[in-house]
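Open your viewer and get ready to click through two chains with me. We will go from one chain, to the place where the chains meet, to a single side chain.

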Amino acid sequence: MNSDWFKGLNLISVSKMSPEKTGLAYSVYLGPDHLLDAARRLYDLGCFIEDISVVDAADGFMVVYHFDHFTSPGRIALRVLAPHDKPEVSTISEVFSGANWHERECHDFFGVSFTGHPNMTPLLMPDDAGFHPLLKEDGKRKRMSEFISPGDVIVKSPEFDAIFAPAEPEEGSASDDKVAAKAGADKTAGSSSEA
Amino acid sequence: MLHTEREYSKLIAGDFYTHHMEPGPDDRTMILNMGPQHPSTHGVLRIVIEIDGEYILRAEPVLGYLHRMQEKMGELKTYLQYMPNMGRVDYLHALAWNWAYVGAVERLGGIEVPERAQYVRVITTELNRISSHLLWWGAFLLDLGAFTPILYAFDDREKILDLLQIPTGSRLTLCYFRPGGVVNDLTKDFIDGLREFIPHMRSRLPMYKGLVTDNIILRKRVEGVGIITEETCRRYGATGPVVRGSGLAYDVRRAEPYSVYDKFDFEIPTDKECDAMGRYNVRVAEIEQSLRIIEQALDAMPDGPHMVKGAPKVKWKAPAGESYFAVEGARGKIGVHVVSDGSNTPYRVKLRAPGFCNMSLFAEVARGVLIADAVAILGSLDLVIPELDR
């Protein structure tokens, strides 16, 4: 697998992982605005979609896309963070048709919406369920740094360091800061890639 | 205000009947429900189809009738207490799910598995795969109107279940693996029985071929039906016999070798036709390949413990981290993604069911086919509904 496919994307980090220990070859954190772009590049590389999963962490909903390759195997985990107060990620179902059902499932279980999805109706849950079973209760959410290993970092932005920084005492202010930092990082990365 | 009779009938039928599927622009088409009690949907799959005469214009599978929230149960039970769920996700190839989950837990905890246990796992999982393929074979032909084959298939499958009952203690929802090994060692009864079963199963395969595979009635029903290209498989993430029936030799046992599979000599059957017959041929050929693997494993199986010393107990705490483990199930790539926060219950368990991904391409493939062909396509995907709905 050529590891240059992610150049020019709004990356938070790219890490090479140990397949024996994690089952992953690469772990990629991405700014949400470049998700569709990344999916297109992976499609052009010949990858297929394995699944989409969500982890409800204190930092937000970590949406994880697993991709693999039929002829040169090596699992890629693409991760996007969606804040709890606005859980929205753009759909990739126009590139990988199979994402359609996976995204509907994620919406059933976590309430994460996928903007631009052609049919965002319940798939596994009843139409009148009115709740999302896999949401964690407030106070039971763990920070991502508690269960994600950074791996062998190839590329990273300051935002990546913020994920692994020690916990700040006040939960509310910490998350506000992070949102602000994220917005700033998005802006700078976007402008640099255009230039 | 209701202008036409059509709008009026839609109001009576309600959305439950059409399930978000808007009727087409004119009266030439009809919306029909296949399932949830249709015999060819094997359980409780429902497909809403819009038909023009005998032809399907649109199909929309409606899932969830067997949804049990397996992933939530994973978060509520400890690592070992969750094991019995695995045999209930896909009851036909229960041991592959057993393996995917213990594999993810072992990877997370860095648990070594003794050499003998690896071989025991290979032997029992391959045996389970044959039983799964046999049941599919019988049920697929039953869908197509052939009643006799399922009786032969059950006869052979019964012998496998009798064998698997010896080490596992159960016949269907097997729960045999544990992180660090397997529950019981293989006994002499089992090994002797298996040595007898292998030539028996081989002797049946030519009969299956003569009776069914070469049968013109079957071929007319499945040849050229349900074309799934490699590109479609890639977009939907279809794996297992579906992608191999599209000419691509993708098998997790080769692509991402786990356990001792790299020590065995076996072929990956493929078929270039991309149709239902191709998928049929792949599964039938896989029975022989599984027998080959079992033979080699029986010969090479070393002595030793079947469970590692200090294997996790019920309240075992996994180290914090995440792991993904994939195995080749009878229906395709089974993946389990476990996230641990360091406590004795997983923080998140994600189950990647191959049937779910294979089924998701049905809406696209069924467009424009005859209803009878849609039944053949559904059968050729080898669906196990609890796995789709989890």
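Select chain A and colour it by accessibility: of its 195 residues, 52% count as buried. Keep in mind along the way that this is a predicted model.

If you display contacts with a separation of 6 or more in chain A, 56% of them come from residues 24 or more positions apart.

Next, select residues 29-137 of chain A. UniProt lists this range, in an unreviewed entry, as "domain: NADH:ubiquinone oxidoreductase 30kDa subunit". Within the range the chain is 21% helix and 33% strand, and a distance drawn between the end C-alpha atoms comes to 25 Å.

**Where the chains meet**

Bring chain B into view and select the residues in contact across the boundary: 52 from chain A and 48 from chain B. How much area do chain A and chain B bury between them? The figure is about 4,100 Å², with 56% of it on carbon and sulfur atoms.

The largest share, 11 residues, comes from β3(A). By residue type, the side of chain A that touches chain B divides into 25 nonpolar, 11 polar and 16 charged.

How many salt bridges cross the interface of chain A and chain B? There are nine. To look at a salt bridge in detail, zoom in on Lys136(A) and Glu75(B), whose closest N and O atoms lie 3.3 Å apart.

**A last stop in chain B**

Finally, centre on Asp382(B), in the loop between α15 (371-380) and α16 (385-389) of chain B. Is Asp382(B) buried or exposed? Asp382(B) counts as buried because its relative accessibility is 4%, and buried means under 20%. Show what surrounds the residue: leaving out residues up to four places away in sequence, Asp382(B) touches Trp136(B), Arg283(B), Ala330(B) and Arg331(B). With Arg331(B), the side chain of Asp382(B) makes a polar contact of 3.0 Å.

Definitions and conventions. Residues are numbered from 1 along each chain as its sequence is written. Chains are lettered from A and ligands numbered from 1 in the order in which they are written. This is a predicted model: local features need pLDDT of at least 70, side-chain atom pairs count only at pLDDT 80 or more; totals for chains, interfaces and linings use all residues. Side-chain values use heavy atoms; hydrogens and water are left out. UniProt positions are given in the numbering used here, feature names are shortened, and annotations may be inferred rather than shown by experiment. Helices (H or I, at least four residues) and strands (E, at least two) are DSSP runs, numbered from the N terminus. Contact means heavy atoms within 4.5 Å. Buried area is the accessible area (1.4 Å probe) that two parts lose on being put together, summed over both. A salt bridge is a side-chain nitrogen of Lys or Arg within 4 Å of a carboxyl oxygen of Asp or Glu. Ala, Val, Leu, Ile, Met, Phe, Trp, Tyr, Cys and Pro count as nonpolar, Asp, Glu, Lys and Arg as charged, and the others, Gly among them, as polar. Buried means under 20% relative accessible area, exposed over 50%, partly exposed in between (1.4 Å probe, protein chains only). A polar contact is a pair of N or O atoms within 3.5 Å; within protein, one must be able to donate a hydrogen and the other to accept it, and residues adjacent in sequence count only if both atoms are side-chain atoms.
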